[in-house]
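Reader: I would like to learn how to read a few features of a structure. Please give the general idea, then the case at hand.

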Amino acid sequence: RPYLGITYLERNGQVSDRPSIPGQAGAMITSVAPGSPAAMAGLIEGDVILAMDGLSLNRDNPLVKQLIKRRAGERVRLVVQRGRENLTLEIVLGKR
């Protein structure tokens with residue numbers, strides 16, 4: 001099964017989890033495992049994954065649902081909110 005190497009909280013976008021950042025649906029990263037695919041791609045605690053391969057994450061399309069469709073070794077493109085900036089990062093999924 002594919003592995004990112006993060007723990008996260010799902011955000012529904014109705015209320016921001018951090019007052020300085022506008023509310024937006026996605027997966028807010030709470031930790032990144034050292035040496036994991038996420039760490040190697042540059043993801044950090046506090047980033048919010050908004051989309052994977054062009055598909056927005058939300059209540060009906062959570063991160064876990066997108067991950068189970070993938071395979072270890074597959075390259076995916078993530079849109080990530082970091083503070084007030086959106087970044088696009090590519091990550092090769094690891095194997096768990």
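Author: Start with accessibility: buried means under 20% relative accessible area, exposed over 50%, and partly exposed in between (1.4 Å probe, protein chains only). With 42% relative accessible area, R77 is partly exposed. This is a predicted model: local features need pLDDT of at least 70, side-chain atom pairs count only at pLDDT 80 or more, and totals for chains, interfaces and linings use all residues. Residues are numbered from 1 along each chain as its sequence is written, and side-chain values use heavy atoms, with hydrogens and water left out.

Reader: What does R77 form a salt bridge with?

Author: A salt bridge is a side-chain nitrogen of Lys or Arg within 4 Å of a carboxyl oxygen of Asp or Glu. R77 meets E90 in one, at 2.6 Å from N to O. R77 sits in strand β6 and E90 in strand β7, 13 residues apart. Helices (H or I, at least four residues) and strands (E, at least two) are DSSP runs, numbered from the N terminus.

Reader: Which other residue forms a salt bridge with E90?

Author: R75 does, with the closest N and O atoms 3.5 Å apart. R75 lies in β6 and E90 in β7 (residues 85-92), so this pair ties together parts that are 15 residues apart in sequence. R75 is exposed at 53% relative accessible area. E90 is partly exposed at 38%.

Reader: How many salt bridges does the structure hold, and where does R70 come in?

Author: The structure holds five. In one of them, R70 pairs with D53, the closest N and O atoms being 3.1 Å apart. That pair links distant parts of the chain: R70 is in the loop between α2 (63-67) and β6 (75-82), while D53 is in the loop between β4 (48-52) and β5 (55-56), 17 residues away. R70 is buried, with 12% relative accessible area. D53 is partly exposed at 37%. A network of salt bridges links D53, R70 and E74.

Reader: How do β6 and β7 pair?

Author: Two strands pair if DSSP finds at least two bridges between them. β6 and β7 pair in the antiparallel sense, over eight bridges. They form a hairpin with two residues between them, and G83 in the turn has a positive phi of about 65°. R75 stands opposite V92 in β7.

Reader: Is L78 buried or exposed?

Author: Buried, at 0% relative accessibility. L78 belongs to strand β6. Contact means heavy atoms within 4.5 Å. Leaving aside neighbours within four places in sequence, L78 contacts residues including L43, I49, M52, L87 and I91. L78 and I91 are 7.6 Å apart, C-alpha to C-alpha, and 13 residues apart in sequence.

Reader: What is the volume of the largest pocket, and which element gives the most to its lining?

Author: Rolling a probe the size of a water molecule over the atoms shows where empty space is left. On a 1 Å grid over the protein atoms alone, a pocket is an open set of points where a 1.4 Å probe fits, with protein on both sides within 12 Å along at least five of seven lines; lining residues have an atom within 4 Å of a point. Grid points are joined across faces, edges and corners, and a volume is the space filled by probe spheres set on the points. Here the largest pocket has a volume of about 260 Å³. α2 gives the most to its lining, with three residues. Residues lining this pocket include R1, Y3, I6, L63, L67 and R96.
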